[in-house]
Amino acid sequence: MAIIRVTNLTKKFKDLVAVDDINLEIEEGECFGLLGPNGAGKTSIIRMITAVSPPSRGDIWVDGRELRKHPREVKAILGVIPQTDNLDEDLTVIQNLTTFARYFAIPREVAYQRSVEILNSMALEGKRDSKIDELSGGMKRRLLIGRGLVNAPKIIILDEPSIGLDPQARHMVWRKLKELKSQGITQLLCTQNMEEAARLCDRVAIIHQGRIIDIDTPQAFVTRYMSNRVWEIDVTSDERDSIMRELERRQLEFEEFAGIIHVFPKDDSLVEGLPGVARAATLEDVFFKLTGRSLVE
Ligand SMILES: Nc1ncnc2c1ncn2[C@@H]1O[C@H](COP(=O)(O)OP(=O)(O)OP(=O)(O)O)[C@@H](O)[C@H]1O
Ligand SMILES: [Mg+2]
């Protein structure tokens, strides 16, 4: 049985349908990703599943309980890492964790012990007694992730976990998430980082304009939609028009974003003689093919 089940989930803000009739089943122990660009509706979905914002329509079941009827029981087993930092500025780093633990009625000693362990695992032990405004953005992010683990949750829900982290911190967070997954903890994360989705997620839902376009494993997405490698041409403005004409003459499928032309040839021989380099297809290309948009704009 799915540990999270969502049926006909819809969120409207006046005339705007931010989440449009979503159905979703997340299995226990899996890492499930919501992948989509700014404004796709990812945070709105997560806010409903974490009982922060009520759905306009639809039902949510978490671990066998209907969320609307049992919000408190559900919240007790969720670890929530929001997109924007809402740490308590008046408290120190460790107090942010121990105080948060009190909401879950965790005994003081256990809470303290756990908080120390979390600070170690997030490489924040040196900042234990610092005030929040003495932390860098990436440190706040790591503390926020750590805070989501204070109640030893059965499910963790992360909104853009690695946003604002440098590569080293990002890899540390990814390692931590993999470790939690190996302990059987279910993860729902939303991201616009396709590398993050590909590395961490067992399955990914591609979200566009409030709808789920498709759900599959990252690998299957790439093999289903991308039959071949992608050919990348970094064009200068004076050669751009002639290259475009050549691509059209060869009837090649291509898209241009971030100043680079991405060609999707069915076969490498079709791009013979063109400038550029071949690269492996990624989830980002799949996203582009499905929506005509890039993930990050
Ligand atoms: N409280 C609100 N009131 C009105 N509109 C909202 C509200 N929250 C979100 N929206 C709108 O709903 C849509 C989806 O927003 P949401 O924050 O869910 O997107 P997202 O996928 O999380 O984007 P991002 O990657 O930028 O975080 C957007 O058009 C946004 O403007
Ligand atoms: Mg968001």
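Let's start with helix α8, residues 218–225, and helix α10, residues 283–291: in this predicted model their axes come within 9 Å and cross at roughly 55°. The two helices are therefore oblique to each other. As for handedness, α8 passes α10 in a left-handed crossing.

Which residues make that contact? On the α8 side they are P218, F221, V222 and Y225, and on the α10 side L283, V286 and K289. Sorted by type, the residues of this contact are six nonpolar, no polar and one charged. If you are wondering about the spacing of those numbers, an α-helix has 3.6 residues a turn, so residues three or four places apart point the same way.

Now the other helix pair I want to show. Helix α3 covers residues 93–103 and helix α4 covers residues 108–121. They pack at an angle of about 135°, and their axes are 9 Å apart. That angle makes α3 oblique to α4. The crossing of α3 past α4 is right-handed. From α3, the contact uses V93, I94, L97, T98, A101 and R102. From α4, it uses A111, Y112, R114, S115, I118 and L119. By type, the α3 and α4 contact has eight nonpolar residues, two polar and two charged.

Next, the nonpolar cores. In soluble globular proteins, nonpolar side chains tend to be buried together. Here the largest nonpolar core has 61 residues. Which of its members touch the most others? Those are I4, L35, I45, I49 and I157.

If we leave aside neighbours within four places in sequence, I45 is in contact with L9, V19, I22 and L34. I45 is also one of the buried residues of helix α1.

So, helix α1, residues 42–49. How many of its residues are buried? Eight of eight, so α1 is mostly covered. The list runs K42, T43, S44, I45, I46, R47, M48 and I49. After α1 comes A51, which has a positive phi, near 65°.

One more residue to look at is R142, which sits in helix α5, residues 137–147. Is R142 buried or exposed? The cut-off for buried is 20 or more other C-beta atoms within 10 Å. R142 has 25 within that distance, so it is buried. Not counting residues up to four places away in sequence, R142 touches M122, L124, A169 and V173. As a distance check, take G210, which is 68 residues from R142 along the chain: their C-alpha atoms are separated by 28 Å.

Last, the chain as a whole. The protein chain contains 10 helices and 14 strands. Its C-alpha trace spans about 70 × 45 × 35 Å along the principal axes. Of the 297 residues in the chain, 37% are buried. Now consider the contacts with a sequence separation of 6 or more: 69% of them are between residues 24 or more positions apart.

To recap the two helix pairs: α8 and α10 cross at roughly 55°, while α3 and α4 pack at about 135°.

Methods: Residues are numbered from 1 along each chain as its sequence is written. Chains are lettered from A and ligands numbered from 1 in the order in which they are written. This is a predicted model: local features need pLDDT of at least 70, side-chain atom pairs count only at pLDDT 80 or more; totals for chains, interfaces and linings use all residues. Axes are lines fitted to C-alpha atoms, for helices over the stretch in contact, and angles run from 0 to 180 degrees between N-to-C directions. Helices (H or I, at least four residues) and strands (E, at least two) are DSSP runs, numbered from the N terminus. Angles under 35 degrees count as roughly parallel, over 145 as roughly antiparallel, 65 to 115 as roughly perpendicular and the rest as oblique. A crossing is left-handed if the near helix is turned anticlockwise from the far one by less than a right angle, and right-handed if clockwise. Two residues are in contact if their C-beta atoms, placed from the backbone, lie within 7 Å. Ala, Val, Leu, Ile, Met, Phe, Trp, Tyr, Cys and Pro count as nonpolar, Asp, Glu, Lys and Arg as charged, and the others, Gly among them, as polar. A nonpolar core is a set of buried Ala, Val, Leu, Ile, Met, Phe, Trp, Tyr and Cys residues joined through C-beta atoms within 7 Å. A residue is buried if 20 or more other C-beta atoms lie within 10 Å of its own, exposed if 12 or fewer, and partly exposed in between; C-beta atoms are placed from the backbone.
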